[in-house]
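Here are my notebook entries from an afternoon with this model. Do keep the viewer open and follow along.

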Amino acid sequence: MNPTHPIETHGRPIILIGLMGCGKTTIGKLVSKRTGMPLLDMDALIEEQVGMKISQIFAEQGEAHFRMLETALLRFLAEHPQMPPPIISTGGGVVVRPENRQLLRELGFVVWLNVSPRSLLHRNIRSSNRPLLQTENPADTIYRLWAERGPLYKETAHRILNTSRTEVGEVCRRVCALAERYFAHR
Ligand code: S3P
C-alpha cells in the first residue's frame, strides 16, 4: 500500500469544483487516500440527509430546492469545521448561487477541475443522478453549462487545473502539490 502524505491545511478542507463528469469524486477519493483526509461528497451527503436520490429531489421538489440544500450544507460546514478536515467533492452546479461561491472560497482551498466539453462528452457522464443530462441532446447541455458556469468556477477557484488530457493519478498529484503550496503561505 502507498504511504499517506498528510498535508498541513490548518484545519481547512480542499474543495473540488467543476462540471459533471470532470472527476471530482474520483480525484477526491484519490486525494483522500493519499493524504489521509476523509472524503465528503456533497451530493451523497444531501441524499443521505434527505433520504432521497438527487433525481427524486429534482423531480419532486425542483432544482431550486436542491440548490437550497447545497447552501444549507455549505453553511453548516462553515459553522462546524470538520476534524480532520475533509476533501470536499461538490455537485457541478454548486457555484450557481453567489452565496455558495463566497461560502466555498471562505471555507477552504478551492480547485476547479476544468475539462473541455469535448473531453467530457467522451466520458460516460449520463447517469440517473444527473437529471440535467436527461435530455434529448446532452451535448448541447454540456456546452451550454460550460459556457454559463466557466466564469463562475473561475471566480470561485483559488487555482485552476486543466485536466482534459491528464490521467487521474497525475491530477491527484497536482491537486496535492497546489494545496501544499497554497497552505504553506497561510
Ligand atoms: C449537477 C451536478 C450533479 C448533481 C446534480 C446537479 C449540476 O453533481 O449535483 O445532478 O447542476 O451540474 P456531479 O457534478 O457530481 O455530477
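Which residues are exposed on the other side of α4? I found A64 and E79 there. By exposed I mean over 50% relative accessible area, by buried under 20%, and by partly exposed in between (1.4 Å probe, protein chains only).

**Ground rules.** I am working with a predicted model, in which local features need pLDDT of at least 70, side-chain atom pairs count only at pLDDT 80 or more, and totals for chains, interfaces and linings use all residues. Residues are numbered from 1 along each chain as its sequence is written, and side-chain values use heavy atoms, with hydrogens and water left out. My helices (H or I, at least four residues) and strands (E, at least two) are DSSP runs, numbered from the N terminus.

**Entry: helix α4.** I looked up its length next. Helix α4 takes in residues 63-79, 17 residues in total, and reaches 25 Å from its first C-alpha to its last, close to the 24 Å expected at 1.5 Å a residue. The expected span is 1.5 Å times one less than the number of residues. I listed F66, R67, E70, T71, L73, L74 and L77 as the buried residues of α4. They cover an arc of only 160 degrees around the axis, which puts them on the same side of α4. That arc is taken from the directions from the helix axis to the C-beta atoms. I then checked what covers these buried residues, and the cover includes β2 (39-41), α2 (42-50), α3 (54-61), β3 (87-89), α5 (98-107) and α7 (138-156). For contact I use heavy atoms within 4.5 Å.

Entry: I stopped at P84, which sits in the loop between α4 and β3. The peptide bond joining M83 and P84 is cis, with omega at about -5 degrees.

**Entry: helix α5.** Its buried residues are N100, R101, L103, L104 and L107. They cover an arc of only 165 degrees around the axis, which puts them on the same side of α5. Turned away from that buried side, I found the exposed residues P98, Q102 and E106. The buried residues of α5 pack against β1, α4, β3, β4 and α7.

**Entry: helix α1.** The twelve residues of α1 should span 16 Å at 1.5 Å a residue, and the end C-alpha atoms are 16 Å apart, which agrees. I noted K24, I27, G28, V31, S32 and T35 as buried in α1. Seen down the axis, the buried residues of α1 fall within an arc of 140 degrees, so they line one face of the helix. The face turned away from them carries the exposed residues K29 and K33. As partners for the buried residues of α1, I wrote down β1, β2, β3, β4 (109-114) and α8 (168-184). G36 follows α1, and its phi is positive, near 80 degrees.

Entry: Is T35 buried or exposed? T35 is buried, with a relative accessible area of 5%. A polar atom of the T35 side chain lies 2.7 Å from the backbone oxygen of V31. Leaving aside neighbours within four places in sequence, T35 is in contact with T4, H5, P6, I7, I87 and C176. T26, also found in helix α1 (residues 24-35), is partly exposed at 43% relative accessible area. I also took a C-alpha distance: T26 and G169 are separated by 9.9 Å, although they are 143 residues apart along the chain.

**Entry: the ligand.** How many residues surround the ligand? I have 16, and the closest are K24, D43, R67, R130 and R149. A residue counts as near if one of its heavy atoms lies within 4 Å. For R130, an N or O atom in the side chain is 2.6 Å from a ligand oxygen. The protein covers 96% of the 390 Å² of accessible area that the ligand has on its own. Those areas come from the Shrake-Rupley method with a 1.4 Å probe.

**Entry: H10.** My last stop was the segment before β1 (14-17), where H10 is found. Phi of H10 is near 55 degrees, a positive value in a residue other than glycine. At 44% relative accessibility, H10 counts as partly exposed.

Notes: Polar contact = N/O pair within 3.5 Å; in protein donor to acceptor, adjacent residues only side chain to side chain.
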